[in-house]
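Please read them with the coordinates open.

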Amino acid sequence: MTELNKDNYQGFVSSGMVLVDAWAGWCSQCPRMAAILDQTAPEFTGKVKIGKVDISQNMELGQKLGVTTLPTLLLYKDGKLIGQKTGIVTKPNLVSWLNQA
């Protein structure tokens, strides 16, 4: 997973299917979501790029993205936001969401 910040975010999400995990170190549910992403990522190698943005280190970016709840997953297709989910997303629901996108 690629660590994202204000400098590389737009370039990372600009092409293809991209899933971004917005998280923070103080978020109690974020490690659980990260583990689900780690389990799911191999199934989408070459299909979906996955990045992470630490909102506590990138507050301006978090505000620009409208992230108010953590964890938040943002799904992009060719630079356009096509979906967003907040809270824990189970692996079956995540797989289904990515396959339908």
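The points below cover the basis of the model, the sheet, the helices on it and some local features.

1. Basis. This is a predicted model: local features need pLDDT of at least 70, side-chain atom pairs count only at pLDDT 80 or more, and totals for chains, interfaces and linings use all residues. Residues are numbered from 1 along each chain as its sequence is written, and side-chain values use heavy atoms, leaving out hydrogens and water.

2. Sheet order. Five strands form an open sheet, ordered β1-β3-β2-β4-β5, and the pairing is mixed. The edges are β1 (2-4) and β5, each with a single partner strand, so one side of each has no neighbour in the sheet. Neighbouring strands are turned by 25° against each other on average, direction ignored. Strands (E, at least two residues) and helices (H or I, at least four) are DSSP runs, numbered from the N terminus. Two strands pair if DSSP finds at least two bridges between them.

3. β1 and β3. These strands run parallel and are joined by 3 bridges. Threonine 2 has glycine 51 of β3 as its bridge partner.

4. Helices on the sheet. α2 packs on the sheet and touches β2, β3 and β4; its direction makes about 155° with that of β2. α4 lies across β2, β4 and β5, at about 20° to β4. Axes are lines fitted to C-alpha atoms, for helices over the stretch in contact; angles run from 0 to 180 degrees between N-to-C directions. Contact means heavy atoms within 4.5 Å.

5. Buried face of α2. Which residues of helix α2 (residues 30-40) are buried? They are Cys30, Met33, Ala34, Ile36, Leu37 and Thr40. Seen down the axis of α2, they fall within an arc of 160°, so they line one face of the helix. The arc is taken from the directions from the helix axis to the C-beta atoms. These residues pack against β2 (17-23), β3 (48-54), β4 (72-77) and α4 (91-100). Buried means under 20% relative accessible area, exposed over 50%, partly exposed in between (1.4 Å probe, protein chains only).

6. Asparagine 58. This residue is in the loop between β3 and α3 (59-65). Asparagine 58 is buried, at 13% relative accessible area. Leaving aside residues up to four places away in sequence, asparagine 58 touches Leu4, Asn5, Lys6 and Val53.

7. Backbone checks. The peptide bond from leucine 70 to proline 71 is cis, with omega near -10°. Proline 71 sits in the loop between α3 and β4. Aspartate 78 is not a glycine, yet has a positive phi of about 50°. Aspartate 78 lies in the loop between β4 and β5 (80-86) and is exposed, at 53% relative accessibility.
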